[in-house]
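Here are some notes to read alongside the model, written for someone opening it for the first time. Have the viewer ready and take the points in order.

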Amino acid sequence: MVILELVVILIVSVTVSNVVSHFIPDVPISLFQIAIGLLLSLAFGIFIKIDSHWFMLLFVAPLLYNDAWRFPKHELWELRGPILGNAIILVLLTTLVGGFFIHLLMPQLETSVALALAAVVSPTDPVAVQAIAKRVKLPKTVLHIVSGESLINDASGLVSFNTAIKATVAGTFLLSHAIGNFFWMTIVGLIIGLLLGSLLNWFGDVFDRVGLNDVVFHTVVTILAPFLIYWVAEDIFHASGVIAVVAGAIITKILSDQHVDARNPEISITGIRTWEIFVYLLNGIIFVLLGIELPPALAAVVQNSQMNTGHAIFYGIVVWFIIFAIRTFWAYGNQVALYLKTRETKPAFNMAVTSGLTGVRGAVTMAAVMTVPTIINDGTAFPQRDLLVFVAAVVVIVSLLVATIMLPIMTKERSAHDFTQPEMLDSEAVATETIKPEMTESQARIFAIQVGIQTLREQQREDNRAIVYELITRKQGTIAQIKRQLIGNTSGYTSSDDSELRLIGLQAQRDRLQQLLVHEDISPLTFSSQSRRLERLENLIAADAHYHFSSQWALVLMRRGLRSIRIWFSDETSAKIKKETSLAIRETSKEAIKALSAYMEKYSGDTVTHRMERQNAYNLIVTYRYRIENEKHVDTPEQRQLDDKIRMELELKALNAQRETIQNLYEQRRITRQAGINIRQFINFSETAALAGKDEE
């Protein structure tokens, strides 16, 4: 039970950090997650004892598998020289040179422990870099190198780290033994990863040939793949599970891309989205755990080594500077070597500093350092384990903070690129930048939705009128939401005040409701209930708000419950009240439509103001028509099934019209290529949602 409670707490913490980060986007979300972990530890006394084996299996394996699966093939091949140099040579250089300076800085650390610390802080975290790159314009080459090297340096850094840790646990450190162990873990891990990756891909092909195209089954298999590969490499062959996972993911990706068109595209989409959620939770949980681990680690450091908090933090900052300096001088040396070879671009030290700052440490570093065992082979405690964990945590935090503060200063230019969207080739990006589109992405979305609404009007018949009005009302709500988001920016949209029209409709409903009561067409109980509904809507208009059921579900359910109790205690029957309520809704809606139509007669001109007023009135009229048709509509299980089929067909026709509209806008160069990609992607998701769970008959 305790484990389940901890899992819920960790997931909620990650979710809360995402909400906070949404309102403070300039600060990396990892820092908020660490802060939440600190709060859980200090305020609630939460402590989690981490087992190294399951932690590596649960966190490191899937994170590396996902990174390897999504590796940028084009950039990785074009920049293979710098990427491999950073990922292998720089990692080994950082481990050896950094470990030497760390041992000088902290003599209480054994040589193998110092090497382990240098190795574990050597891998970079591209997720954190790209989060920062959303705000600042990093040099494209630097960003691609960081993304590419992170794929390989996670593996090389963790193999070096594990080698140093095993030497510490064994109590002896022989260079020849360490090198032999390094090559065994690397080569055997590579072979196992390639074999198992190919085997899993072969099984996928076999399942496809026999007709086993179940989306859930294939998604579960892809989720299990990194755990299986890691377990086989580590527990059976005592090789590097990290290398095996990376190799397995790469070969599986390459082989699956060769026949991607032959497979069900839903399998790919579902797998990608599932992995995004899974990796998001794992990344967040790691940093929350880091925050939880920091107070006990610091307390142990201070207690066991008689070191105060300031000294421990100082050590972490100096270790970060050592790693940063090694990376910076390495980058500058690469520039010098390239200049001597080509005589084209002169070395720039500020570019080297920028490259050094992008060496942000993150989830993999923390996942690895938490796997340090508590005891060694002779039964004694692992030497200075708490200091090792704490210093590594400080390095991660400092690298995030310094990059967040310094990268905008170094680049002096904000980024216009959204790294959450698909990458374009350089030639395509240049061509896109030269286009000056007439419409922004949001304006194009609104225009396409309006075309979809017109398509729905053309499809309207007697038997589908209620559904057409329902879909039009939803799309109008989407347009209103987009416009509200655009208010105040440079797109030219201003707030459209339709409160006068809404009040006219409400007053007409009140008058008609009073007439129904006077003519005894409805009972006082129905009159009271409908009057309170109109009063609530009027209060929302006065507060300049729109009624949303989803945000007030608790109050709505409470009011419905009280209304049911009143009906139960009254002399009226539920069937009679339901009939009277339906009559009141239909009649008041008709009266509101009449009032709005009469009001709009004075707005028959072709000015912008008149067109806006007519559009606002039409939107309200459609809402009232939907209410009328919905009350008249027969509600039986058979009819609901038929309505679902009609609704899906109409929605697909509207979405196809929107997709064709976006394609036409792009061909006419009225929108950019990226805007077209984003909108079509949104339309595709909407289409998938409309089809979700619909079985063909």
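1. Start with Tyr65, which has a relative accessibility of 4% and so counts as buried. Keep in mind throughout that this is a predicted model.

2. Now for the rings themselves. A pair of aromatic rings is described by the distance of the centres and the angle of the planes. The count of aromatic pairs in this model comes to eleven. For Tyr65 and Trp275, the ring centres are 5.6 Å apart and the planes meet at 25°, so this pair is stacked; the cut-off for that word is under 30 degrees.

3. Where do Tyr65 and Trp275 sit in the chain? Tyr65 belongs to helix α3 (residues 52-69) and Trp275 to helix α12 (residues 265-305), so their pairing ties together parts that are 210 residues apart in sequence. The two also belong to a cluster: ring pairs link Tyr65, Phe227, Trp275 and Phe278.

4. Next, have a look at a loop residue, Ala239, found between α10 (215-236) and α11 (241-257). Is Ala239 buried or exposed? With a relative accessible area of 0%, Ala239 is buried. Leaving aside neighbours within four places in sequence, its contacts are Trp184, Met185, Val188, Gly189, Ile192, Ala233 and Glu234.

5. Over to helix α1 (residues 2-23), which holds Ser21. The relative accessible area of Ser21 is 14%, so Ser21 is buried. If you set aside residues up to four places away in sequence, Ser21 touches Val27, Ile29 and Phe32.

6. Gln384 is not a glycine, yet its phi is positive, near 55°. You'll find Gln384 in the loop between α15 (363-369) and α16 (385-411). Gln384 counts as partly exposed, because its relative accessibility is 29%.

7. The other is Glu520, again not a glycine, with a positive phi of about 60°. Which loop holds Glu520? The answer is the loop between α20 (499-518) and α21 (524-542). Glu520 has a relative accessible area of 69%, so this residue is exposed.

8. While you're at that loop, look at the helices on either side of it. The axes of α20 and α21 are 10 Å apart, and the packing angle is about 170°. That angle is why α20 is called roughly antiparallel to α21, since the term applies to angles over 145 degrees. From α20, the contact takes in Ser499, Arg502, Leu503, Leu506, Gln509, Arg510, Leu513, Gln514 and Leu517; from α21, residues including Pro524, Phe527, Leu534 and Ile541. The residues of this contact between α20 and α21 split into nine nonpolar, five polar and five charged.

9. Helix α19 (residues 465-486) packs against helix α25 (residues 637-667) at an angle of about 45°, with axes 10 Å apart. That makes α19 oblique to α25, and the crossing of α19 and α25 is right-handed. On the α19 side, the contact is made by Ile467, Val468, Glu470, Leu471, Arg474 and Lys475; on the α25 side, by Asp643, Ile646, Arg647, Leu650, Glu651, Ala654 and Gln658. By type, the residues of the α19 and α25 contact are six nonpolar, one polar and six charged.

10. Last, helix α18 (residues 441-458) and helix α26 (residues 673-691): their angle is about 45° and their axes are 10 Å apart. Again the result is an oblique arrangement, α18 to α26, and α18 and α26 cross in a right-handed way. Glu441, Ala444 and Arg445 of α18 meet Ala675, Asn678, Ile679 and Phe682 of α26. The residues of the α18 and α26 contact divide into four nonpolar, one polar and two charged.

How values were computed: Residues are numbered from 1 along each chain as its sequence is written. This is a predicted model: local features need pLDDT of at least 70, side-chain atom pairs count only at pLDDT 80 or more; totals for chains, interfaces and linings use all residues. Side-chain values use heavy atoms; hydrogens and water are left out. Axes are lines fitted to C-alpha atoms, for helices over the stretch in contact, and angles run from 0 to 180 degrees between N-to-C directions. Helices (H or I, at least four residues) and strands (E, at least two) are DSSP runs, numbered from the N terminus. Angles under 35 degrees count as roughly parallel, over 145 as roughly antiparallel, 65 to 115 as roughly perpendicular and the rest as oblique. A crossing is left-handed if the near helix is turned anticlockwise from the far one by less than a right angle, and right-handed if clockwise. Contact means heavy atoms within 4.5 Å. Ala, Val, Leu, Ile, Met, Phe, Trp, Tyr, Cys and Pro count as nonpolar, Asp, Glu, Lys and Arg as charged, and the others, Gly among them, as polar. Rings of Phe, Tyr and Trp (its six-membered ring) pair if their centres lie within 6.5 Å; planes under 30 degrees apart count as stacked, over 60 as edge-to-face and the rest as tilted. Buried means under 20% relative accessible area, exposed over 50%, partly exposed in between (1.4 Å probe, protein chains only).
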